[in-house]
Amino acid sequence: MITDNFAARHNGPQKEDIKKMLKTIGVSSIDELIEKTIPSKIRLTSALPLPKGMNEYEFITHIKGLAQKNKIYKSFIGMGYYNTITPAVLQRNILENPSWYTSYTPYQAEISQGRLEALFNFQTAISSLTAMPIANASMLDEATACAEMMLMFFYSRSREQQKNNIIKFFVSDDIFPQNIEVIKTRALPKNIELVIGDSQNIELDETFFGAILQYPNCRGEVRDYSSFVSKAKEHNIMVGVCCDLLSLALLTPPGEWGVDCVCGTSQRFGLPMGFGGPSAGFFACKEDFKRNMPGRIIGLTQDAQGNKCFRLALQTREQHIKREKATSNICTASALVAIMAGSYALWHGEEGIKDIANDIHCLAGLLSKEGSKYKFEQLNKVFFDTLYFKTPIAASVVCKIAEQAKINFNYVDNTHISIALDETTSIKDVNNILSVFALSSNIPFKEVVCDGNCSNGIISGTLKRKTGFLKENIFNLYHSETQMMRYLKKLEIKDLSLNRAMIPLGSCTMKLNAAVEMIPFTWMEFCNIHPLVPKQQAKGYLEMIDNLSQWLCKVTGFDAISLQPNSGAAGEYAGLMTIRNYQMAHSKGKRNVCLIPSSAHGTNPASASMAGMDIIVVKSTQNGEIDIDDLREKAEANKNKLSCLMITYPSTHGVFEEGILEIIDIIHNNGGLVYMDGANMNAQVGLTSPGFMGADVCHLNLHKTFAMPHGGGGPGVGPIGVSAKLANYLPNHCLVKTGGKHGNEVSASPYGSPMLLCISYAYLLLLGSDGLEEATRIAILNANYIKARLSKHYNILYTGKNGMVAHEMILDCNQFSLTSGVQCGDVAKRLMDYGFHAPTVAFPVHGTLMIEPTESEPLSEMDRLCDALIKIREEIKDIEKGKADKANNVITNAPHTMQVVCADTWDRPYTREKAAFPQENDDKYWPSCSRVDDAFGDRNLCSRWEK
C-alpha cells in the first residue's frame, strides 16, 4: 500500500509548476528561498518529532478505532448540554457542505448574501423567542455570552454610576457553575465586584450596576423573576437573563419582563453535544445597547440598484476595531452552527418547536409523578424539562446503578440528582429511568405509558407563554425537505467559498479543508458524547485530545497546551490571562504593562484591555518592522511594571523580522514575558517555532494553520501553548479536572469545541512531520511567486532584507486614489467580477490589499488571480490616462450583477462584456447584488424580518 501521500494532494503546485515558480522568483531551489526568507539563527536544526504521515485509508481506520473507544450512553445530565436530533437535510446541506463551511466571515457582502440571510434568520429567531428587539449573529458559547453581558452592562453604566465607582454585579447562585466561573474570569481584571447569592433574598440597592439570572435555573426550577426585575429597575440596575432557548416555546420570555439583555446557547436547536461544543451562543438586548453590543449584527440594506440585501451592520461599532478602547475582543463567533440553529427554527417553525417542547415537558411531568412511587422526591415546583430529585439512597449509588444500565444522571450531591430530558427522550427512556429508580429503592418496577396530558397545569399563570413566536413568513415556508433543500441551495450559490475559487485573504490562511479531515466530526461517536460523562465513556476523545496536545507542543516548542479557548481572540485572552496570573503570583500585581506594536491586529489591544492590562504602543519603522530602539526605551522605562509584549511572527506585514531574538531578549531582561500571536503560524511550522525562539506563550488558530474550516465566521479553536513555568496557570474548569491549578476558566466546555478537534488531528496525522514542513515551504513559495509576478504592477509594501516575503504580502493601493480616484475597496469589488474574493482590505495598513495564497492553491489559480490584478491595474491606468471616466467606470461601478448586465438598457461608457467577462473563464461567478449601501443600512438599522 502506498502511504504518506497526502501532502501531494494537499499542496497545490506540482513538480513542474515549482520549477517555473522558482525561476520567476529568481532562486534555484526552495531551500535557497527559505534561506533568504527566514533568519538562519531561528531555523530549527532537526525535523519535527512527529509520526510519519498517513494516507486517507490509514487515517479513517485509525480514527474509527478511536471513535469506538467512546461509549454512547443515554445522558440525562443537562447542565447546558442536551441530546438533539439534527435534521438530516441540515446536516447534509449545511454542516457537511464545503460551500458553507469553507466560506469566510462575510465582510464582502456582495458575494456573501447566502450566509448573511441565513444569519439574519438566526437573529430573527432569537429576537422572536426571547421577545427582545435586537439580536446579534451569535456568540462563542453560553458562558462567554454571560460574561460579555456583564461587561456590556459595566461599560453602559450611567455617568453618575461611573462617577460613583459603582462596580457591584449580582450573580444568582443557581446559574450553571461553568457560567459563573467564566463571569469570574472576566470580572477579575476589570475589578468588578461579584456578589453571588440567592436571587430571592438579595437586597439590591444603588451600589449595583447589573445582575444576571438563569431561567430555568441549574436545577431545572422555573421561577417568576418579574418582581426581581421591577425592584432592580427602581435602583437603575441593568438585568440580564441566561435562558434555555427551547423552554421559551412554553415559558414567558424574559423580554416580556422588561429585562435589558437575554443570552444563552442555541445548542438545543439541532446542534450535537460534541463533548462540549461547538455551539452558538446567542445574545439579544434592548435597542439602547446596539452600539455596545459584542459580536456582529447582520442588517438589511439596499444595493446600488435599490434592491434589498444584507450586510454586516454598524461595523464601526465592532469592538476589536476600537483596539485598546474596546469593550469586547470578539472578532468572529460561531456562524456555521448559528446558521444550523436558525435553519432548525425554519425547518420546524412555531408549531414544530412547540410540539418538541411540549413532548419533552409532558415526559418530564410523567417522570416527576411516577418517580415518587419509588421514593424519589421531585423538588422543583415548576419545571420545563429538568427534574431535581432527592434520592432515597446515596446519590452516588443511584448514578452507579444508572451507569450499569448505560444511563447517565447528573450527580448534585450525595442526596440529590438532576435529570434533564430532551428532544430524543421517548417513553421507553422514561421507563428505563424508572427501572433504575425501582432497582435503587428495591421496589418492583411497573411500566408506564404517556397519554400526552401528563404535564397539564405545571406551567401556568405568569410563567406560561401567551404570545406567539416565529410568526415571520420565513418560518412558514420550508417544512418539506424539497422546499428546504432548494432554499439552502439558493442561499449556497449566492456565496463564493473555497470550493469555487481562491480566497486570498492575508492573515486568514484560507487553506484546503480536505474532505477526509471533515468526515469523522459528524460521526455519532463524536457527536453524542456529553462533556460531563465519566472518563471511561470518553476514552477515544481523551486519547485524541492528549495526542493532539502533545503534537501541538512539539510543533510550537512549548511544554503544555490548553485546548479550551474556542476562538483565536479567546486564545489571545486566555494567553494574556495566563501571563497575568503568573505575574500576579510573582510580582504581587505590579507588572501590568503590555507593549503592543502599532501594526498589531485590533484583537491584540482589545484582548489586553479585557485582561486589565495597561497598553503602551510600540512604534514601527519605515519598513514596517518593530522599532527596536523604541521598544527598548519603553521596556526599560517600565521595567518594574512590564508584564509582556504581544508580537505577531512573521510580522503582520508578512516579513520575518531579523531582530526577533533581540526583541525577545529585551522583554525578558526587563522582567516581562513574550506573547506570540499565532495568526501567522502557517509560515513557521517545521522551520521554526515560538518556543525555539524563546517566546513564553502563543495562541494557535486551528481554523487557519491546522486546516479547520472558517465556517463563514466561526466556530474556531484557539489553543494556547506555554513554557513550563506557565503550565500551572493554564485555563482550568470547575467540573472537569484540566489545565493549571492557578488558572481561570475561559470557555463553557472543559476542552472548548472538542467535536472540531478531529479535523486538525486528521491534518497532523495525514501530513506527518515531513508533510507539515513541506506545507510551510510551499506556502512561502506561493507567496513569493505572487509577489514576483505582481511587483512590476504594484508596490509591494514590505519585504525582508533579501527582498522576500513570508507567507503573505501587502499591495499598496494608496497612490491610485490620488491618480484615479480608485480606492483599495474598489479593487476588492472589481475582483468579484473576475470571480475572486478580495484579499484583506485596508489591514494592517490603510489603502492596501494583503494577499495570502496558502500552500493549497495550484499554480493555475494563482496565475488567474495575478492576471486579474494585473488587468485591474490596466483598468486603473485607463482612468489615469483619461480613457475612462473618473466617476463612471468599470471599477467604481463594480461588481456587476446578471440583473444589471442583462437589463434592456445599458448606459455605461464600457461594454457589457468588459463589465461581466473581463477575463476568459468558463465558470462565471455572478455576485448576487450590486455594491451595498453601507450608510443606508446604518441609518435604517433592521436586524430581523418583519412579521
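His416 lies in strand β15, which spans residues 416-420. In this predicted model, the relative accessible area of His416 is 14%; because buried residues are those under 20%, His416 is classed as buried. Its side chain forms a polar contact of 2.9 Å with the side chain of Asp413. Beyond residues up to four places away in sequence, His416 is in contact with Leu379, Tyr388, Phe389, Lys390, Thr391, Ala395, Asn410 and Tyr411.

The largest nonpolar core comprises 247 residues, among which Phe409 and Phe437 touch the most other members. Helix α24 (residues 754-790) supplies the largest share of this core, with 22 residues. With residues up to four places away in sequence excluded, the contacts of Phe409 include Phe437 itself, together with Ile433 and Val436. Phe409 also touches Ile417, Ser418 and Ile419, positions that fall within the 416-420 range of strand β15. Further contacts of Phe409 are made with Phe76, Ile77, Val398, Cys399 and Ala402.

Helix α20 (residues 603-610) is mostly covered, with eight of its eight residues buried. The buried set runs from Thr603, Asn604, Pro605 and Ala606 to Ser607, Ala608, Ser609 and Met610. Just after α20, Gly612 adopts a positive phi of about 75°.

How values were computed. Residues are numbered from 1 along each chain as its sequence is written. This is a predicted model: local features need pLDDT of at least 70, side-chain atom pairs count only at pLDDT 80 or more; totals for chains, interfaces and linings use all residues. Side-chain values use heavy atoms; hydrogens and water are left out. Helices (H or I, at least four residues) and strands (E, at least two) are DSSP runs, numbered from the N terminus. Buried means under 20% relative accessible area, exposed over 50%, partly exposed in between (1.4 Å probe, protein chains only). A polar contact is a pair of N or O atoms within 3.5 Å; within protein, one must be able to donate a hydrogen and the other to accept it, and residues adjacent in sequence count only if both atoms are side-chain atoms. Contact means heavy atoms within 4.5 Å. A nonpolar core is a set of buried Ala, Val, Leu, Ile, Met, Phe, Trp, Tyr and Cys residues joined through side-chain atoms within 4.5 Å.
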